[in-house]
Amino acid sequence: MVWRLKKHSVLPGFGLTLGFTVFYLSLIVLLPLTALCLKSTSMGWPQFWETVSHPRVLASCRLTFETAATAALINAVGGFIVAWCLVRYDFPLKRVFDAMVDLPFALPTAVSGIALTTIYASSGWIGQWFAPWDIKLVYSRWGIIIAMTFIGLPFVVRTLQPALEDLEKENEEAAACLGASRWQTFRFVIWPTIIPALLTGFAMAFARGLGEYGSIVFISGNMPMKTEIASLLIITKLEQHDLAGATAIAVILLVSSFVLLLCINLLQWWSSERVRGVA
Amino acid sequence: MTSSKQRMAPGRMMLPLQEPSWVRWSLTAFSCSFLILFLVVPLVVVFTEALRKGFGAYWAGITDPTAWSAIKLTVLVVGISVPLNLVFGLAASWAIAKFEFWGKSLLITLIDLPFAVSPVVSGLIFVLLFGIHGWFGTWLDAWGLQVIFAVPGVVLATVFVTFPFVAREVIPLMQEQGTEQEQAALTLGASGWQTFWYVTLPNVRWAVLYGVILCNARAMGEFGAVSVVSGHIRGKTNTIPLHVEILYNEYNFVAAFAVASLLALLALVTLVAKTLVERRIHFSTTSLEPTTVES
């Protein structure tokens with residue numbers, strides 16, 4: 001066997017299209033990302049560590065991770081129920097609700113930011129109900145969680161919907177015929193099948209929350225050490241011409257989202273392996 | 001497709017194939033209130049706040065010269081970035097879907113990369129390249145060119161964040177459709193270009209449109225990345241979302257929400273178009289003959 005880079009094909013245009021693809025990809029994506037990597041390595045480990053271990057940076061990273069995890073958890077629960085209802089039940093305006101799930105993708109983040117701030121402010125539609133109890137929803141951790149939940153919702157719902165649609169009714173019927181209660185069927189037949197999709201959705205919502213900026217700057221209040229998220233700290237450092245500091249935080253964000261991406265790919269591989277194992 | 005209306009005929013044994021009705025009702029009520037709370041209310045509030053002081057104030061907010069220049073800049077940025085990524089998306093999907101070559105899955109992963117990069121970081125990488133202290137900073141400065149805090153930077157950042165949209169919608173569909181139709185066209189004497197134009201493109205046109213819709217929405221609404229590179233120069237490098245931010249931070253809420261309502265309208269149009277096109281894609285893939293699907 002002759003080892004070749006490309007299998008023979010009668011179709012034309014391979015060189016042209018692949019060449020253009022690689023060129024454009026390198027220019028727009030790879031070159032800038034390489035610049036980021038080189039910039040961070042040129043800093044040297046001690047300087048990197050010094051920047052990253054600064055209390056303000058640590059506080060912002062901790063806040064970002066905690067709020068993103070909380071929001072992803074809320075989305076995992078809420079999004080699961082929403083996806084379940086959209087796939088399995090009929091209710092009025094179901095198609096409209098279904099289409100609306102994509103709104104956080106379509107609505108620019110700045111718009112959702114100012115809208116959420118207005119709603120949850122102490123004079124807003126929802127915030128006024130919490131004001132008498134002295135619960136501040138905006139300019140606090142809660143505001144960040146609200147914004148991240150809004151942003152992450154479609155990821156969970158849209159990942160779960162196909163998984164729920166693919167469930168075979170026969171398995172549930174078999175379980176019911178064998179005397180399982182509805183809860184047992186759910187717990188032992190449905191739940192194990194959809195858990196990879198749920199975890200994938202969770203990871204995607206978490207990753208999106210980590211990097212989110214637009215909707216959060218309006219609602220968080222941006223108080224250093226308290227409600228300052230990592231993305232905002234990057235911008236603050238840039239405005240102070242601290243390019244190295246900004247790069248260091250960017251590297252943390254980038255590495256965590258790559259790790260999450262890897263987790264998502266592993267989860268998808270796991271679920272496809274399981275499907276193959278069953279079939 | 002199994003219908004959710006799984007009613008048993010009377011007199012037969014009832015198997016627990018459906019949740020009890022109180023569970024169904026409470027779950028549905030929960031989802032509807034969750035969606036209304038998180039999705040409908042924010043959308044409604046944009047329009048009520050924009051029209052709070054009447055239509056006159058709303059109109060004044062939109063027709064303000066700085067708002068108008070923000071709109072023009074956004075249209076320019078979209079006009080450059082969407083066609084670029086459309087051409088790239090088509091070229092990439094032709095190469096990836098129609099040929100087998102080494103390193104293909106790596107290439108697909110790399111194309112998806114911009115989705116994994118947070119918006120602020122996407123802006124930062126261009127500052128590192130073209131900023132004054134960046135790689136090409138001194139060189140650009142010597143030629144009197146400005147990329148960062150100028151329109152080219154805004155365009156570059158937008159191209160980066162919208163990079164994968166067309167490609168990732170078109171690649172799976174083209175892969176599913178295989179190469180048989182193209183081979184037939186070539187055998188019948190069509191040129192490569194004719195084959196692409198008359199055979200391949202019509203087969204994937206809804207996926208292309210879908211990708212363009214998503215790409216357009218993101219390009220118009222991108223905030224984080226653009227905010228880093230634009231420098232917020234009023235009337236010059238402000239796109240619509242940045243203009244919204246400035247108005248909002250100046251406590252000019254009516255104008256901010258008026259301009260924001262344009263973006264909200266765009267989001268609604270996007271959702272409707274997306275739903276319609278999705279139905280088309282579903283229709284065209286289910287009507288495909290199974291013989292054209294290759295593993």
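Colleague: Before we look at any charged groups, what is a salt bridge here?

Modeller: A salt bridge is a side-chain nitrogen of Lys or Arg within 4 Å of a carboxyl oxygen of Asp or Glu. Side chains of opposite charge can pair when their charged atoms come close. In this structure A:Arg88, A:Lys169, A:Glu172, A:Arg182 and B:Glu19 are linked in a network of such bridges, and within it the side chains of B:Glu19 and A:Arg182 meet with N and O 2.6 Å apart. Please keep in mind that this is a predicted model, in which local features need pLDDT of at least 70 and side-chain atom pairs count only at pLDDT 80 or more, while totals for chains, interfaces and linings use all residues. Residues are numbered from 1 along each chain as its sequence is written, chains are lettered from A and ligands numbered from 1 in the order in which they are written, and side-chain values use heavy atoms, with hydrogens and water left out.

Colleague: Are B:Glu278 and B:Lys274 buried or exposed?

Modeller: Buried means under 20% relative accessible area, exposed over 50%, and partly exposed in between, with a 1.4 Å probe and protein chains only. B:Glu278 is partly exposed at 36%, whereas B:Lys274 is buried at 8%.

Colleague: How should I read the size of the interface between chain B and chain A?

Modeller: The size of an interface is often given as the accessible area lost when the parts come together. Buried area is that loss, computed with a 1.4 Å probe and summed over both parts. Between chain B and chain A it is about 8300 Å², of which carbon and sulfur atoms give 82%. B:Phe38, B:Leu39 and B:Phe99 supply 8% of the area that chain B buries against chain A, more than any other three residues. Counted by contact, which means heavy atoms within 4.5 Å, the interface takes 93 residues from chain B and 91 residues from chain A.

Colleague: Why is helix α12 of chain B described as largely enclosed?

Modeller: In helix α12 (residues 240–249) of chain B, 9 of the 10 residues are buried, so the helix is largely enclosed by the rest of the structure. The buried residues include B:Ile240, B:His243 and B:Glu245, and just after the helix B:Tyr251 takes a positive phi of about 60 degrees.

Colleague: Which residues beyond its sequence neighbours does B:Thr74 contact?

Modeller: Leaving aside neighbours within four places in sequence, B:Thr74 is in contact with B:Met220, B:Thr239 and B:Ile240. B:Thr74 lies in helix α3 (residues 65–98) of chain B and counts as buried, at 2% relative accessibility. A polar atom of the B:Thr74 side chain lies 3.0 Å from the backbone nitrogen of B:Ile240. In another part of chain B, the side chain of B:Gln177 reaches the backbone oxygen of B:Asn203 at 3.2 Å, and B:Gln177 is itself buried, with a relative accessible area of 9%.

Key: Helix = DSSP H or I, 4+ residues; strand = E, 2+ residues; numbered from the N terminus. Buried area = accessible area lost by both parts, 1.4 Å probe. Polar contact = N/O pair within 3.5 Å; in protein donor to acceptor, adjacent residues only side chain to side chain.
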